[in-house]
Amino acid sequence: MASVALVTHEGAAHISAYVNAIRDLDSISDVCIVDEDGAVFDEAHEIIGDKITATYRSFNEMLRNQDPLMAIVTASARRAPPLIQAALEAGTHVLAEKPACVNPDDFSALTDLADKKQVHLMLALGNRSAPWAQDARRIYQQRGIGDLYAVRTMTLADQTRIWNPAGRNWTFNKSDSGGGHLIWLGIHQLDLILYITGEHVAEVQAMAPVVGGAPIDVEDLALVNLRMTSGAHASIVSGYLLDQGYQIDTTFWGSQGWLRHGAADRSELEWHGTDPTMNENPNRKFHYDKLTAGYTQWVRETVRAALGEIPPPITGAEGLEVLRVIFAAYESARTGQTITL
């Protein structure tokens with residue numbers, strides 16, 4: 001069992017999800033809460049209860065009194081790097097809410113520090129643990145669709161959160177977030193492209209406008225084209241375009257078939273394969289209860305990695321690769337140029 005620290009601040013993302021995960025996971029024996037604002041203390045005590053050993057308003061004070069195995073850091077992208085650095089310096093594994101930086105060079109330095117301290121730095125890209133993603137990765141890695149030709153992915157969310165002043169949190173402020181929809185929600189689909197295929201990005205082209213006229217200084221729509229090192233291509237549509245809910249759809253096309261998840265908002269993985277090993281059944285479907293994975297499963301996996309039971313579900317280097325692609329997309333959108341990685 002593991003002792004963890006929840007490090008956060010008022011207005012940080014997914015606090016309730018992390019608090020619920022800490023409560024529900026038997027692998028977490030106890031937790032201390034660090035919040036310089038003190039805003040989360042009451043909620044944490046109400047939900048977690050006796051698992052809480054102490055609360056602190058100072059991260060350094062916590063480190064003087066506690067020795068957690070892992071720190072869960074959920075903070076704005078601007079505020080996250082020094083918090084992560086302090087935890088890594090103390091030899092503590094870190095689960096960091098994405099994007100965890102407004103400059104990928106800052107995350108690169110944190111990745112180097114984690115390697116030096118021999119601890120894990122894991123971004124909260126928990127859709128990797130979704131059952132459909134695990135199945136798609138297995139099928140792809142076993143050459144179920146042959147050589148990759150192209151990928152198309154779309155992740156859309158509602159616009160209403162932008163127009164409601166109460167919903168315009170730090171993720172709509174470039175100085176706090178580094179970007180808009182792409183770095184906050186589209187990042188999951190980009191990560192899944194790389195995770196499922198094992199591909200790497202060679203070139204990036206992008207546009208990242210504000211199409212809805214909202215009073216924000218980050219994009220509400222990103223259109224991104226990628227060329228992979230293998231020669232395959234990918235396109236990403238990422239935006240706040242809906243009146244409600246989400247639309248998520250991902251398709252992989254290869255030399256011997258295709259994989260598609262989320263068509264018509266159904267949580268199904270469709271597989272079409274032309275290899276004879278399909279035994280004259282070229283079309284198959286897998287059904288799931290929901291489109292994406294929950295935070296509790298991701299926290300469980302990161303705790304197990306910190307305990308040494310499994311490899312980390314994402315490495316610092318993998319998180320950095322995703323971030324570099326996203327910031328290359330922003331540079332392409334700003335300059336109108338193709339960016340080579």
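How many bridges join strand S5 to S6? The close-ups below take up this question and others about the predicted model.

**View 1. Strands S5 and S6 side by side.** Strand S5 (residues 93-96) and S6 run parallel and are joined by three bridges. Look for Leu95, which has Met122 of S6 standing opposite.

**View 2. The open sheet.** Six strands make up this open sheet, and their pairing is parallel. Reading across, the order is S3-S2-S1-S4-S5-S6. At the edges sit strand S3 (52-56) and strand S6 (121-123), each of which pairs on one side only. From one strand to the next, the twist averages 20 degrees.

**View 3. Helices H1 and H2 on the strands.** Helix H1 (residues 15-24) packs on the sheet, where its contacts are with strand S1 (2-8), strand S2 (28-35), strand S4 (70-73) and S5. The direction of H1 makes about 165 degrees with that of S1. Helix H2 (residues 41-48) lies across S2 and S3, and runs at about 175 degrees to S3.

**View 4. Where helix H4 meets helix H5.** Here the axes of helix H4 (residues 80-89) and helix H5 (residues 104-117) come within 9 Å, crossing at roughly 10 degrees. Angles under 35 degrees count as roughly parallel, so H4 and H5 are roughly parallel to each other. On the H4 side you will find Pro81, Ile84, Gln85, Leu88 and Glu89, which meet Leu110, Leu113, Ala114 and Lys117 in H5. The residues of this contact of H4 with H5 divide into six nonpolar, one polar and two charged.

Note on methods: Residues are numbered from 1 along each chain as its sequence is written. This is a predicted model: local features need pLDDT of at least 70, side-chain atom pairs count only at pLDDT 80 or more; totals for chains, interfaces and linings use all residues. Side-chain values use heavy atoms; hydrogens and water are left out. Two strands pair if DSSP finds at least two bridges between them. Helices (H or I, at least four residues) and strands (E, at least two) are DSSP runs, numbered from the N terminus. Axes are lines fitted to C-alpha atoms, for helices over the stretch in contact, and angles run from 0 to 180 degrees between N-to-C directions. Contact means heavy atoms within 4.5 Å. Angles under 35 degrees count as roughly parallel, over 145 as roughly antiparallel, 65 to 115 as roughly perpendicular and the rest as oblique. Ala, Val, Leu, Ile, Met, Phe, Trp, Tyr, Cys and Pro count as nonpolar, Asp, Glu, Lys and Arg as charged, and the others, Gly among them, as polar.
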